[in-house]
Amino acid sequence: MKKISVITLITVIISLFYNIRVNAVTFTPGDTIHSEAAYLINLDTDSVIYEKNSEKQEYPASLTKIMTAILVIENVPDLKNTMIEAPAYVFDELYMTGASTADFRPYETASAQDLMYGMLLQSACEAASILGNHVGGNSISNFVDMMNAKAKEIGAVNTNFVNAHGLFDSNQYTTAKDMALITKYAMKLPKFKEIVSTYSYQIAPSNKHTEARTVTHTNLMMSKTSEYYYPNVRGIKTGTLDESGRCLITYASKDGYNYLLVVMNAPLKDEDGNNVYYNFTDTKALYEWAFNNFSYTSLLSKTEAIGEVSVNFSDGKDYVLVNPSEDFSALWPSTVDPSTIQRVIDLKEEADAPIEKGQKLGTMELKAGGETLTKVDLIAAGSVKRSDLKYNLYLAKKFTSSLWFKIAVGAIIAFIIFYIFVFIAINRKKKKRKIKHVNKKRQF
């Protein structure tokens, strides 16, 4: 009882104070996360490790360009050899907005690949519009329709786009969870991961630039000369607006574990008005917490004996052990003992022989913090033969104690009694007839 009480207490504490989800179970990192919204996924298991306001509506800023990149890759099969001329009208929208740029110019001809690197590394807004215009059939409006259709297809149902570059519009919004879905989709496409994990790239000379120029990634966590450098991080996209705060999407790998992280709406300045970059510090804190505390842990083995079931009519032992039907492993924090996981067992008390090895005899649910980790079948660990003698005696006993047997016996008894009464009545009648016959003879 003391052990059960301790386990119960630990489970209650976990459920009260932890707010990070692993396979639907919640925990928390030690550092304060300043970003308004965040979403951390383990890519190996597709498990959500951390989420904060993950479905709250936020402005995506230049994270928008990830969706633009998706549509370009899917509609321009040869990025390197597809040449695109920049229409003048796309620059009109960007004039005097302070939009980030890679210095592509009106009527400049550049490859789709150069435009993609300019857009995703240096966050060039003009490159996004040039690509959108091209894929949209010389219509950015058509391209935006394609963006929204693709978002719905991916499952980003709380997202709406109105432009290809991410400059502020109150009708352009998303969530951290949606951006994670969009980015996961993008990472499966050819060239995307290669482009966003590149720190610097040379854009080729063109009809508007006589020399090559270099663009570098706006994610300072990839720069070895930056105070925010973190060697495990790659890509993917930054985004910053007054209305959106600082946003960042990255992926990171260490010791065979791979993660994707979205942070959105981190403050631009601290209380004293100084610039702060919590998008970088939050990202590092969450990755360090995940790498240092989580590991792929076996939480259930199919060789483990969970209990036993009594067996009727057995030819030998009168019970059978049960095991889980499968192993179960999950990302689990080293700070929480797996023995605190609750096992909710629904098992038959008894079963009739014969029992076959692997036969389902119940289920078991693993739960932590009130949430279900998994549910598995409980199966017989071995076979149990049936004793024909025991079974036939049981059938005989069952028959003699059954209602139909009792009805049949009652009917037979009733028939016998009825027969006796009839027999007696007939005999009496015969006897009376015999007496009358004798009396008549005497009279004569």
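Modeller: In this predicted model, β9 and α9 (278-293) each supply at least two residues of the lining of the largest pocket. Residues are numbered from 1 along each chain as its sequence is written, local features need pLDDT of at least 70, side-chain atom pairs count only at pLDDT 80 or more, totals for chains, interfaces and linings use all residues, and side-chain values use heavy atoms, with hydrogens and water left out.

Biologist: What makes a stretch a helix or a strand, and what makes a space a pocket?

Modeller: Helices (H or I, at least four residues) and strands (E, at least two) are DSSP runs, numbered from the N terminus. On a 1 Å grid over the protein atoms alone, a pocket is an open set of points where a 1.4 Å probe fits, with protein on both sides within 12 Å along at least five of seven lines, and lining residues have an atom within 4 Å of a point. The largest pocket holds about 350 Å³ of space, and of its 21 lining residues the closest to the centre are S62, S100, S123, G239 and T240.

Biologist: Which element gives the largest share of that lining?

Modeller: That is β9, with five residues.

Biologist: How do you know that β9 is an edge strand?

Modeller: Two strands pair if DSSP finds at least two bridges between them. The open sheet has the order β4-β3-β11-β10-β9 with antiparallel pairing, and its edge strands, β4 (47-52) and β9 (233-241), each pair on one side only.

Biologist: Why does the length of α7 agree with that of a helix?

Modeller: The expected span is 1.5 Å times one less than the number of residues. For the twelve residues of α7 (residues 176-187) this should give 16 Å, and the end C-alpha atoms are 16 Å apart, so the two agree.

Biologist: What makes α7 mostly covered?

Modeller: Buried means under 20% relative accessible area, exposed over 50%, and partly exposed in between (1.4 Å probe, protein chains only). Nine of the twelve residues of α7 are buried, among them A176, D178 and M187.

Biologist: Why is L347 called partly exposed?

Modeller: L347, found in strand β16 (residues 342-347), has 23% relative accessibility, and therefore counts as partly exposed.

Terms used:
Grid points are joined across faces, edges and corners, and a volume is the space filled by probe spheres set on the points.
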